[in-house]
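User: I would like to learn how to read some features of a structural model. Please take them one at a time.

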Amino acid sequence: MNDHELELESEFESENEGEGFLAGLLGEGEFEGHPEGEFESEWEIHGEGFNEGESPLHEFEFEGEGFLGGLLGEGEFEGHPEGEFEGEQFFGKKLRGILGSVAAGVKRAAPILQKVAGIAAPLVQKVVSGPLASRIAQIGNIAGQAGNVANSISGIAKSFLPPGFSFEGEGELEFEMEFESESEAEFEAVMSGPLTEQQALGELMAAAASRAASDMEAESQIGAGTMIALSAHDRRALRAVLASLNRGSAVLTKLLRRHRITAPYVRTVPTIVSRTAVALRKQADAGRPVTRQMAGRAMALQTRRVLGSPALCARAVSRNINATKAVSQRIRRPAPRSAYAG
Amino acid sequence: MSIGAFESELESEAMYEAEAFYENVATAARQGRSYRPLALLAMKAARAALSQGGTPDPEGEAEAEQMAAWESGGSYHETFNPRDAAPAAALMEHLGHAAAEAESNGESFAFLAPLLPLAAKALPLLAKSVVPKLLPKVAKIVTKVAPKLFKGLKGVAKTLRSNPAGKPLVRTLPRVMQRTVTDIARQAAAGQNVTPQRAVQTLAKQTAQVLGNPRMVVQCVRRAATVDRNFHQSMSRCGGRPKSAPCACSCR
């Protein structure tokens, strides 16, 4: 744990004793004078903070459209014909075009995403492994309304992790060893293999969650989206940990939605969950019981890998954009009027 | 007998029971009479909606704070696009279908969770009598009462799924939710104060009305199957899924 994190922790301890948790999260100027306050300097680049700042991902933040319109991103990817479900190898030029635009945005956001990945991973692990989800989510909600991302996300995480827990380095090696049998090729199949219509629908719901009006709506959409995206076989194999994975994706969504700059990356959640499912199914196939702890470690590892790697992140987002574009155009066809007469 | 064989026998028995129940409901619908077991199930489900929706949350303080945040309306930015209404309604049917076919309650609840926001999206189609100008206000009210409504809906789903005969009736829940949201919209448009308790009562009333009426149940189940089939067709059109790739959908 570095000095900055130690200081943050002691700051929160003192706030908890003194002015209360919320006040601690609000505390403006708390990071003043910390030489390693990387978060602060990043926020300063973006003006007053994320809420007011311009998102480097504005290319795929859709303005004001509704549930499906917003997913289409009309006008923003003009010139790219409608995508198919079949995955990246079938997209050819249009995928490369979208990937290029997304990659540029991700590249700019990479330092922030790497920080968020380092913070979100242990929190996701804790939430998936234990029964704290609702409490963390609620405190996250309060914190997010109050402060900036540095305060809120690391504050939430630190208040629930055991003393001395490091956000970086430790534990990663352990995960890597546990899941080292999974080669990147298998994960690659998740990201470049053909999308079934259910997976595409799951991606659509994740995109809707990234733009939902309230956290509750976002959580419900991401929960259904990740559940739909998993195959029936996966759901059966992972039934014991499905609820935990759902909680993990809800908390991850909540953290990412907390600020405008990270909100579009909710689109990566189905990829994170699918990669987690691959790892866990492999363990199940090898005859090892899939426990919540194992699921927590696997999801934390995938969170760190996907959000922490600009290349993976860009691919996950562009895959999501392609899928949502294709699906939303297909399901936009009007249904028979009589069917919905109230 | 192995555990697997025993489980599959139980499953087929439950399926037979559900089919027989549905046949009786369909017969009652054709003859235009009520069907007592269905009415009892409807009442039980409505009671579950009331009791679950009315239960205070153990972490009620945080919930109250969330509600206050929603009520303040600072970050609320719902927009309505009439073009989204029909797809949202179709998606509701698909999710209802998936929830009925889900193997566990947890999975089922995950599929049912987005019904409420989707019903709000489908408002321009569902509540045609409500002036479009009022729709954002209605959506805000729906968001405010959402936690209680979802708990109530979970209670209904749990009650239906606990009975093998009632499991297929989970397909009626999108319709129940659509009618509930429409009713709430009408109340709000009439200037009534829609509290979470009142919303839960509306849900219970609609649950009893839809599930207690054999004709409506048959209509809902048939329509859900049709809309879901159309949904799948529109999704897989244009060569969406390669023929060799297995479909991951559990509801087909």
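User: What percentage of the 252 residues of chain B count as buried?

Analyst: This is a predicted model, in which local features need pLDDT of at least 70, side-chain atom pairs count only at pLDDT 80 or more, and totals for chains, interfaces and linings use all residues. Residues are numbered from 1 along each chain as its sequence is written, while chains are lettered from A and ligands numbered from 1 in the order in which they are written. A residue is buried if 20 or more other C-beta atoms lie within 10 Å of its own, exposed if 12 or fewer, and partly exposed in between, with C-beta atoms placed from the backbone. In chain B, 49% of the 252 residues count as buried.

User: How many helices and strands does chain B have?

Analyst: Helices (H or I, at least four residues) and strands (E, at least two) are DSSP runs, numbered from the N terminus. Chain B has 11 helices and zero strands.

User: Which residues of H5(B) are buried?

Analyst: Helix H5 of chain B covers residues 105-112, and six of its eight residues are buried. They are Glu107(B), Ser108(B), Phe109(B), Ala110(B), Phe111(B) and Leu112(B).

User: How are two packed helices described?

Analyst: By the angle between their axes and the distance between the axes. Axes are lines fitted to C-alpha atoms, for helices over the stretch in contact, and angles run from 0 to 180 degrees between N-to-C directions. In chain B, the axes of H8 (residues 135-161) and H9 (residues 173-189) come within 11 Å and cross at roughly 145°.

User: Which residues of H8(B) and H9(B) meet?

Analyst: Two residues are in contact if their C-beta atoms, placed from the backbone, lie within 7 Å. From H8(B), the residues include Val138(B), Ile141(B) and Leu153(B); among those they meet in H9(B) are Met177(B), Val181(B) and Ile184(B). By class, this contact of H8(B) with H9(B) has 12 nonpolar, no polar and one charged residues. Here Ala, Val, Leu, Ile, Met, Phe, Trp, Tyr, Cys and Pro count as nonpolar, Asp, Glu, Lys and Arg as charged, and the others, Gly among them, as polar.

User: Why does Val106(A) count as buried?

Analyst: Val106(A) counts as buried because 27 other C-beta atoms lie within 10 Å. Val106(A) is found in helix H6 (residues 93-129) of chain A.

User: What does Val106(A) touch, not counting residues up to four places away in sequence?

Analyst: Val106(A) touches Pro310(A), Cys313(A), Ala314(A) and Val317(A). Val106(A) and Arg315(A) are 209 residues apart in sequence but 9.9 Å apart in space, C-alpha to C-alpha.
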